[in-house]
Amino acid sequence: MTASDWKVVPQNHLIPPYSLFSRPLERSQVDDRQYSVIRLENGLTAMLVHDPCTENAAASLNVGIGHLSDPDDMPGLAHFCEHLLFMGTKQFPKENEYSEYLSKNNGGSNAYTSSSNTNYHFRVSPSTLPGALERFSGFFHSPLFAPSCTARELNAVDSEHKKNHQADPWRIFQLNKTLSKAGHPWSKFGTGNRATLTAAGREAKAKGKLSANTLVNGSEAVKSDSISKEPSPRSSRTPSPTPSGSSANSESDADGGSIGRETRRRLIEWWSKEYCASRMELCVIGREPLEELAAMVSKLFSPIPNRGQGPSPIIDDHPFGPNETGTLVSVQTIMSFHAVEISFPLAWQPPLWKYKPGNFLSHFLGHEGHGSLFAYLKGKGWITSLTAATQALGRGFAMFKTTMYLTKNGFDNYRSVVLATFKYLNLLQTSEFPHWFQSEIATLAKTQFQFAEKRSAEGYAVSIAERMSWPVPTEKLLSAPALISEWEGDEGERQVREALGNLRVDSGRVVLMAKKEEHERIFGGEKAWQSEKWYGTGYTVERWDDQFLNEARGPNDIPDLRLPGRNEFIPTNLDVEKRDVPEPQHRPHLIRQSEISKVWYKKDDQFWLPRAAVIIDIRSPVANDKPRATVLTKLCVDLVNDSLAEYTYDAELAGLGYHVTSQSLGMTISLKGYNDKLPELAKYVVRALKNLVPTQDRLNVMKEKLKREWDNFSMNQSYQLSDYYGRYMLAHHTWTIEELLEELPGVQLEEVTAHIRHVLSKLNIQMLVLGNMYRDQAIALSECVEDILDSSPLAEEQVPSDRALILPDGSNYTWIAPVPNSNEANSALTYYVHLGQLNDPRQRVVGALLAKIMSEPAFNILRTKEQLGYIVSCSRWTLLGDSQFGIRIVVQSERGTGYLEERVEAFLDTMDTRLEEMENQEFGDFKKGMQRRWREPAKNLGEEASTYWRHIDSGFLDFLRRFENADLIEKVEKHEVVALFRERVHPKSPKRAKLSVHMQSQKPRPPRISAKAVEAFEALIREADIPADLATTKGEFDQASPVVADFMKHWNDVLTEDVVSADVARDLLGRLPALMEKYPVRNENVYTGSADVTHIEDIGAFKATLDVSPPPRPLVDWSDLPNAKL
């Protein structure tokens, strides 16, 4: 690439000049989008994508700075920046203006902070892209970092960290970072929490460098009001419309007091240095022509300052030093599982984009075919899964990781598992690599790239923006991350050999994961555990003994290990018969019906790719009629998948995937990928199901794996549990995890064999075939499936169907249960109100519109304003069977569930006024957004298959529902939405049907002092005429009811001898216990709202009182047979 490849586009009226890359981009042969790359004068580079058929417009801006650039004394600052950045801009000061605009225009947004980058992205209806970009761009040149939001976003970061505190992936990830060599930035705590973000401010205050109205800036103090370059003309913070007794609404509370203001000052100081335009890459996808997109981007993003910073920092030092390698780290887990992870230093892979040596190594070490490491260890009964992949840690350094989930026997033999891994690596190091190895890998990558399916616009924008900073030629920005070149000369193999040279026992680290008692069982006693700083994860580090090292360094002596052969599943026929069609068909057609099956089919008429999707649904009334039957069905499908792993792995590599799953009606076989060899794979899988002959050793492994999975279910996050129980209570004929666990231990081998024969002896099959397959092929495949299964048909009344339980009108139910994980600090509330039948078109459309309107205000009030917790959501909930629906609000929080339900009901009370006062234009915007969403075409074959299958699976066959919804919503008026809300949602409605599930944390909370006791203590301070800024003091606590220890420490620091005598201070603080007794903190788990709540004591008895939804019947007679009009 040379300077001549860029053409300068001069300024045009209000459009600043920019440079346009003049050469075409290398792209897929089926990609019909248009691309251009521009560079603004401030150094920002943008990829513009013109897609006239995109279902959504989207944008992603990637900033080449992440948490590795956090100041050492403020862990989490980059993450905090990501949070506070969204709180209003100079042009749009209202803090939720951006989210509100996106919500009513069928959009949404998100962001994430990684080690070396921070990514911000959104999606929106195509016609509203200009307004979305105008709001989005302001975050990067004129954010307010609203002072009034500081305390709340500190709490949001803190809540996010606490959400992850009991999650093993987060705990082990941070432990691996903490165990870096001294001083390496990879060891940083990237999430941060309230304590880490305010530590510098608290230290400054303790040293007397902060006062109520000043902040430190180096050695000098500056006025706090000078931090905002141009303050918002009005507060960006609108208080909660329904403040609770503990809400803090004053500006002084909201800015976090002097400590919060200092934190914000440090943030702005950091942002003003690091958020430089030359470190930003942008991708915008829209229906506008490229020239129009370029003009938009140049106008809106040119104001972002170039701060004179160099390229995004590259760290070429690896976090593994001599002390970190050759070690075994034993880690205590929260959930019950056994795993081992082996990590090695690896060169940063983007500069090696041409040959991708890390991918080559992953291909061999992660292979699951005959002769593979996986096949050997699985055959020993030691592992259940194996993955091998590169891990990009940060810009400049990477890791190669192999992770194996172990059986209990595998954990007991972990040394042998790890040794076998090194033996396979030694095999690789001493083997010759014929060029066809790389050629096959390159062919697979090229086929995948050339026939890639379209993704969502937002996801595609994120993936492009993330990789635009790769050191690749501009014309290869799209292709370089995906394609792999065949080896030319010695360079490709040299890169592989160099990477392999680091994959040795002396340069790697092994992490062994299990619960504490499991570690100590194989260790033979208590270990000398250490505790990781941020999550408290227990761990030990020890060096491998000489015997192990010598064995690991030795040559491969396991004869079962060998390199894979050629892949016979690589597709050879990639032809597609493309024909002109006036408009794609909107549904599949019934092309075959027998006593046992129905086959729905649609030939691809819009994607024109050599791909197909097949779903074979096997329904049996005995598959799940009892808890034991459900367990047996699950074990059968697990054994089938297990038996197929080695044979089908090559198929998966070649882009041909399958899975056999159990579900509430029986079993489902799903296949997707290149159609060339799909029918043969489908027949092979069906034969494996029919001819399953399980062995005792594999059954034992599957039982152990399933027990571990179900045991761990109770350790999920609180909101996942409340949602699960909410769904279970409203589902007919289903079993709890606890009921299934009771049955699992007693399952015998002969039962499994008998069960699969019983299920397959008499059944009903529903089948869907989509894509690049002909009608005759679909019929032939269905006939073959019937022949293989050789089953008898079920009578129509015997075919099982999913059905829901319906809450009666005027009901108000609550179920309360403890969170099983005693260390989980978060409680959760799932709050459901029933709206009606999905098969009633008007009720369905009005209800969907109501749920959409409520979604953003619920998040804005309950999460952003009231700071109840990190997890807050309001959405439509469809019950089992797809015939009944309602609105579900979920909140996960450290607050008690009684308090959460009160806040939800207070929010619902405000929605009445919001709906009543909503302007017609805003209501119309919501209608248009929903209408556009319903009329969106499927992006790819998988999405189309999912849409059709939902209607086949439910039995309603309402394939044109979304088009009918889009037509009907034009006729919906606001008074209908208000009426539905008042009748079915508002807490005071006599007809409302409501169920709330309270999962209550058992972890003791630190003692707190009530807001009333705080006020009484402050009254004593005023009476004693002590000079103290009480308003500022409130802002330094996370809630209006602060932790007693924090409150005492604060006032001990304030009531020093230069302010008041020691006796007076002692007397004032001594009165605090009496005030706390007089004004106790309420028990927030107790609901103090409506008195007509019915508490559920016995779930089974409760379910028995509910009506069951009617069995499904087709809503449309399509009359496709005898001759479907295709």
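User: Over which residues does pLDDT stay under 50 with 58 contacts beyond four places in sequence?
Analyst: This is a predicted model. The mean pLDDT of the protein chain is 92, and 95% of its residues reach 70 or more. One stretch under 50 is residues 247–252, for which the model has 13 contacts beyond four places in sequence. The stretch with 58 such contacts is residues 214–237.

User: How far apart are the end C-alpha atoms of residues 263–434?
Analyst: UniProt lists residues 263–434 as "domain: Peptidase M16 C-terminal", in an unreviewed entry. In the model, this span is 36% helix and 26% strand. Its end C-alpha atoms are separated by 58 Å.

User: How many residues does domain 4 give to the contact with domain 3?
Analyst: The division of the protein chain includes domain 3 (327–456 + 468–553) and domain 4 (589–798). The C-alpha centres of domain 3 and domain 4 lie 31 Å apart. Domain 3 gives 25 residues to the contact, and the number from domain 4 is 19.

User: Within what arc do the buried residues of helix α35 fall?
Analyst: Helix α35 covers residues 1062–1070, and its buried residues are Ala 1065, Leu 1068 and Leu 1069. Seen down the axis of α35, these residues line one face of the helix, because they fall within an arc of 95°.

User: Which exposed residues does α35 carry on the face turned away from its buried side?
Analyst: In an α-helix there are 3.6 residues a turn, so residues three or four places apart point the same way. The buried residues of α35 are covered by elements including α32 (1011–1023), α34 (1044–1054) and α36 (1072–1078). On the face turned away from that buried side, the exposed residues are Asp 1063 and Arg 1066.

User: How many residues apart in sequence are the parts tied together by Lys 378 and Asp 642?
Analyst: The side chains of Lys 378 and Asp 642 form a salt bridge, with N and O 3.5 Å apart. Lys 378 belongs to helix α11 (residues 373–379) and Asp 642 to helix α19 (residues 627–653), so the pair ties together parts whose separation in sequence is 264 residues.

User: What is the relative accessibility of Glu 902?
Analyst: Glu 902 forms a salt bridge with Arg 1082, the closest N and O atoms being 2.9 Å apart. Arg 1082 lies in the loop between α36 and β31 (1094–1095) and Glu 902 in helix α27 (residues 897–917), so the pair ties together parts that are 180 residues apart in sequence. Arg 1082 is partly exposed, with a relative accessible area of 33%. Glu 902 counts as buried, at a relative accessibility of 16%.

User: Which residue counts as exposed at 54% relative accessibility?
Analyst: In the whole structure, a search finds 71 salt bridges. One of them joins the side chains of Glu 203 and Lys 207 at 3.0 Å, N to O. Glu 203 is partly exposed, at 44% relative accessibility. The residue that counts as exposed, at 54%, is Lys 207.

User: With which residues is Glu 493 in contact, leaving aside its neighbours within four places in sequence?
Analyst: Glu 493 lies in helix α16 (residues 491–500). This residue is partly exposed, with a relative accessible area of 23%. Beyond its sequence neighbours, Glu 493 is in contact with Phe 433 and Trp 487.

User: How far apart in space are Tyr 774 and Lys 603, C-alpha to C-alpha?
Analyst: Tyr 774 is placed in the loop between β23 (762–771) and α25 (775–789). Leaving aside neighbours within four places in sequence, Tyr 774 is in contact with Glu 577, Tyr 601 and Lys 603. Tyr 774 and Lys 603 are 171 residues apart in sequence, and their C-alpha separation in space is 6.6 Å.

User: Is Thr 191 buried or exposed?
Analyst: Thr 191 lies in the loop between α5 (168–178) and α6 (194–206). Its contacts beyond four places in sequence include Gly 76, Trp 170 and Tyr 535. At 9% relative accessibility, Thr 191 counts as buried.

Terms used
Residues numbered from 1 in each chain as written. Predicted model: local features only at pLDDT ≥ 70, side-chain atom pairs only at ≥ 80, totals over all residues. Heavy atoms only, no water. UniProt positions renumbered as here; feature names shortened; annotations may be inferred. Helix = DSSP H or I, 4+ residues; strand = E, 2+ residues; numbered from the N terminus. pLDDT = per-residue confidence, 0-100. Contact = heavy atoms within 4.5 Å. Buried < 20%, exposed > 50% of the residue type's maximum accessible area, 1.4 Å probe, protein only. Arc of directions from axis to C-beta. Salt bridge = Lys/Arg side-chain N within 4 Å of Asp/Glu carboxyl O. Domains from an automatic or database assignment.
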